[in-house]
Amino acid sequence: MTYLAARTPVHQGPAAWAEILGNGAQYPTLEDKITADVVVIGAGFAGLSAALRLRQLDPNANVVVLEAARVAQGAAGRNSGFMIDLPHDLASDDYAGAGDDQLLTRLNRQAIAFGAEAAETFGIAPAYFDKSGKVNGAASAAGDAHNRSYESHLRTLGETSEWLDTQAMHELTGSRHYASGLFTPGTVMLQPAGYIRGLAAGVATHANLFENSAVLSFARAGQSWCVKTAKGQVTAAKIILAVNGHLESFGIAKGRLMQLFLFASMTPELDNELRARLGGADRWGVTPSDPMGTTVRRIDTGQGGHRIVTRTCAVMRPDMQASAGDVGRAAKVQRAKFAARFPQLAGLKMQYEWAGHLCLSLNGVAVAGAIGDGVYSACVQNGLGTARGTLTGMAAAETAMGHPSEITQFFEAEAAPKRLPPQPFAKMGANAYLRWKEWRAGAE
């Protein structure tokens, strides 16, 4: 059987997290016919975690990793950088999950421990893997109620949190927009491009990593698989697909995946005068109490300069391409959200504005593990690309190597993604719902 790629990744706007770090290491483009034991398609959180886990399980494994673009220029370099340990269900009102949240928390912490070990092993800068926790910020009575509901839920799980009042939020952020906040200590604040570049460099010491090598097809070749790019091919016994929503591009889970884009903007580096005007701490992260609200991060020189990142707005695009108009519309909303939070910096022109692709299933499940003879998936992260991506990569590698674990058992027990309504109704309905949720989030 042959799997042809109907499309390859297309990105709108720069991968700002990579841009602010300058040029990273370059890896060759695949231009030869080579062989491997396992070929990993995708060098994001899932793909690099899979490649690393393969080598941990079999140090002699011949692993090839193929990345469609430059490392950290794709979705991995476009997220907000929150690696969250606690339940974080984006479809809920207050993040509380509908399943076994204690199990999910335990698995998320395994992903964080895996990342922490990789960061230490490969000498990734501590600021790129910052175990500083995060805050759910509330700007309204409804947001405060969401936080209190979430705090109560965490208490039933035996998890600690700290309530921040209006003054504490002002002292942290420099903003008087927030009425309250809920601090949870277990989140890792990533410089996502820095972490991914460091992880890629570590993986490349034991595997062959190729970038600008988008996979166009893979097909059976006897007892192996032949994976083709524009200029080369890899013959391998096993394939791990770590392409998130682009799983559907190969005709797998077709009509079952929601292809969404989220949008973000980043300020230029804040000079001393602007930082003094802003006040607050130099480094923090605030997620909205309403999952459809606005995420805000402040970073410092250790992560790429004193800057503020604003993320809000979502749109469904089944063709997996956001438009310039999508980015422009979101950027306008973000400028208003930024000004509401930081009137002392109102009018500051953003340096970067971009879109990031994520993939959800209607029933919130991933596609991780074996999906065919010698084909494994580490896809469908449901908007949790850092922790869930790491977990699905680990699960795919462990399944491929015949190494059962709590992680593999979790994903094996999940149902298949539910089928979506037919197009264009799914797109129209989803976008109307997203706009309503965005409106309802209000000041959050």
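Tutor: Strand E6, residues 134–138, runs antiparallel to strand E8, and five bridges join the two. Do keep in mind that you are looking at a predicted model. Within this pairing, Leu182 of E8 has Asn136 as its opposite number. E8 also has strand E7 (residues 162–164) as a partner, again in the antiparallel sense, over three bridges. There, Phe183 in E8 is the bridge partner of Glu162.

Now for the helix, H11, which takes up residues 425–441. Its 17 residues reach 24 Å from the first C-alpha to the last, close to the 24 Å expected at 1.5 Å a residue. Which of its residues are buried? They are Ala426, Ala430, Asn431, Leu434, Lys437, Glu438 and Ala441. Viewed down the axis of H11, these residues fall within an arc of 125°, so they line one face of the helix. The background is simple: an α-helix has 3.6 residues a turn, so residues three or four places apart point the same way. Turned away from that buried side is a face with the exposed residues Phe425, Met428 and Trp439. And what does the buried side of H11 pack against? Its buried residues meet strand E14 (257–266), strand E17 (307–316) and helix H8 (324–341). After H11 comes Gly442, with a positive phi near 55°.

Met292 sits in the loop between strand E15 (284–288) and strand E16 (295–299). Is Met292 buried or exposed? Its relative accessibility is 15%, and because buried means under 20%, Met292 counts as buried. Beyond its neighbours within four places in sequence, Met292 contacts Leu434, Lys437, Glu438 and Ala441, along with Thr312 and Ala314. Leu434, Lys437, Glu438 and Ala441 are among the buried residues of H11. Thr312 is 20 residues from Met292 in sequence, yet the two C-alpha atoms are 7.5 Å apart in space.

Arg283 and Asp300 form a salt bridge, with their closest N and O atoms 2.9 Å apart. This pair links distant parts of the chain: Arg283 belongs to the loop between helix H7 (272–278) and E15, Asp300 to the loop between E16 and E17, and 17 residues separate them. Asp300 is buried at 12% relative accessibility, whereas Arg283 is partly exposed at 29%.

A further salt bridge joins the side chains of Asp326 and Arg317, again 2.9 Å from N to O. Here Asp326 is buried at 12% relative accessibility, and Arg317 is buried too, with a relative accessible area of 18%. Elsewhere, salt bridges that share partners join Asp85, Arg109 and Glu159 into one network.

Glu159 lies in the loop between helix H4 (141–156) and E7, while Arg109 is in helix H3 (residues 101–121), 50 residues apart. Arg109 counts as partly exposed, at 35% relative accessibility.

How values were computed:
Residues numbered from 1 in each chain as written. Predicted model: local features only at pLDDT ≥ 70, side-chain atom pairs only at ≥ 80, totals over all residues. Heavy atoms only, no water. Pairing = 2+ DSSP bridges. Helix = DSSP H or I, 4+ residues; strand = E, 2+ residues; numbered from the N terminus. Expected span 1.5 Å × (residues − 1). Buried < 20%, exposed > 50% of the residue type's maximum accessible area, 1.4 Å probe, protein only. Arc of directions from axis to C-beta. Contact = heavy atoms within 4.5 Å. Salt bridge = Lys/Arg side-chain N within 4 Å of Asp/Glu carboxyl O.
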